Every structure is written in C-alpha cells, then in structure tokens.
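Colleague: I have a model open and would like to learn how to read its features. Could you take me through them one at a time?

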Amino acid sequence: MRLRLQIPCERTQLGLLLDSIEQSLLEHGIARELRDDMRLIAEEVVCNAIEHGDDGGEHAQRRIAVDIARDDDGLHVEFRDNGKPFDPLDHDPPELDADILDRPVGGLGVHLVRELARSVRYVREEPYNVLHVVLRTR
C-alpha cells in the first residue's frame, strides 16, 4: 500500500485531508485503532505545520504532503511542508505531573504523537520540513 495526499497548508483543508486519509486506510483494510492513531497524529502534525510554519507570506504557496506506505514493519508516514524551519521534536517534554494551572500551553500534541508512534524523526531538507513517523501495526 502506498498513497500520497497533498493540500494547501491551510486550516480549512485539514478536515478534507483527515477524511481522505481515513477513507484510504479503510479501503486498504487498516484496523480501526490504527486509523484512529493515524488521524490524531496527522491532525497534530498538520496543525503544527500550519501554525508554526507560517513565515508571514514569504511562501505564499505553502503546501503539505502526506505519504503513507505499509509493509510488514509498520505504517510509514512522511509529512512534508514548505513552511519556515520548525522541528516539533525540539521541545522539552510536557510536565505531566505538574498542576494543570502551572503547565505552559502546548506540547501535549507532540507528546501524544511520540506515545502512539514506534519512532518519530525530523529532518530539514531545504525548503521542506520532513517528519517521519512509523506506527506500530497490531
């Protein structure tokens, strides 16, 4: 199984992307639990790309591509966007034991991605942010 989806890097396109991923995984017989994990991961990663990749209009044609491949080793997902450099993994993990009122806003989405995935790796390949995620197949 291999598929590639690409959208403008805009919040209004997120639902269409998530629904397309869900439908494609369903058609390829991917289990519900893995589809749900994939949906959550895609939503977090794409929202981060939209929010943190904005360069104030320098890249008017910002896009994000999602490539998904499945093999015996797992579900391999690559998110590639042409926003300004942003490494979502370059942040301290959230203090989960701290009082909720004392915690800074943000960081839980990346924490969830790390918890759901077998591996997550970021690399900058000019002019792209590339996040590789491997999900466990059950």
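**Cavities, sheet and helix**

Modeller: A cavity is a set of points, on a 1 Å grid over the protein atoms alone, where a 1.4 Å probe fits but cannot get out. Grid points are joined across faces, edges and corners, and the volume is the space filled by probe spheres set on the points. Note that this is a predicted model, in which local features need pLDDT of at least 70 and side-chain atom pairs count only at pLDDT 80 or more, while totals for chains, interfaces and linings use all residues. Residues are numbered from 1 along each chain as its sequence is written, and side-chain values use heavy atoms, with hydrogens and water left out.

Colleague: What volume does the largest cavity have, and which residues are the closest to its centre?

Modeller: Its volume is about 130 Å³. A lining residue has an atom within 4 Å of a cavity point. There are 14 of them around the largest cavity, and V45, A49, D81, F86 and P88 are the closest to its centre.

Colleague: Which element gives the most to that lining?

Modeller: Elements are DSSP runs numbered from the N terminus: helices are H or I of at least four residues, strands are E of at least two. Helix α2 gives the most, with four residues. At least two residues each come from α2, β3 and β5.

Colleague: What is the overall list of elements, and in what order do they run?

Modeller: The chain has three helices and five strands. From the N terminus the order is β-α-α-β-β-α-β-β.

Colleague: How are the strands arranged in the sheet?

Modeller: In general, strands of a sheet pair through backbone hydrogen bonds, either parallel or antiparallel. Two strands count as paired if DSSP finds at least two bridges between them. Here the five strands form an open sheet, ordered β1-β2-β3-β5-β4, with antiparallel pairing. At the edges are β1 (2-8) and β4 (117-125), each pairing on one side only. From one strand to the next the twist averages 15°, where axes are lines fitted to C-alpha atoms, for helices over the stretch in contact, and angles run from 0 to 180 degrees between N-to-C directions.

Colleague: How many bridges join β4 and β5?

Modeller: Eight, in the antiparallel sense. The two strands form a hairpin with two residues between them. R121 stands opposite H132, and S119 has V134 as its bridge partner. P127 sits in the loop between β4 and β5, and the peptide bond from E126 to P127 is cis, with omega near 0°.

Colleague: Is V130 buried or exposed?

Modeller: Buried means under 20% relative accessible area, exposed over 50%, and partly exposed in between, with a 1.4 Å probe and protein chains only. V130 counts as buried because its relative accessibility is 0%. This residue lies in β5. Contact means heavy atoms within 4.5 Å. Beyond its neighbours within four places in sequence, V130 is in contact with E78, F79, R80, R121, Y122, V123 and E125. In the chain as a whole, buried residues make up 41% of the 138 residues.

Colleague: What does α2 touch on the sheet?

Modeller: Helix α2 packs against β2, β3 and β5, and its direction makes about 15° with that of β3. The helix covers residues 32-52 and reaches 30 Å from its first C-alpha to its last, close to the 30 Å expected; the expected span is 1.5 Å times one less than the number of residues. Its buried residues include L34, M38, I41 and V45. The cover over the buried residues of α2 includes α1 (14-27) and α3 (108-116), along with β2, β3 and β5.

Colleague: Why does N48 count as buried?

Modeller: N48 has 17% relative accessibility, so it counts as buried. This residue of α2 is in contact with G53, F86, P88 and V110, neighbours within four places left aside.

Colleague: And where does D54 lie?

Modeller: D54 is in the loop between α2 and β2. It counts as partly exposed because its relative accessibility is 42%. With neighbours within four places left aside, D54 is in contact with A49, R62 and K84.

Note on methods
1 Å grid on protein atoms, 1.4 Å probe; cavity = no way out; pocket = protein on both sides within 12 Å on 5 of 7 lines; lining within 4 Å.
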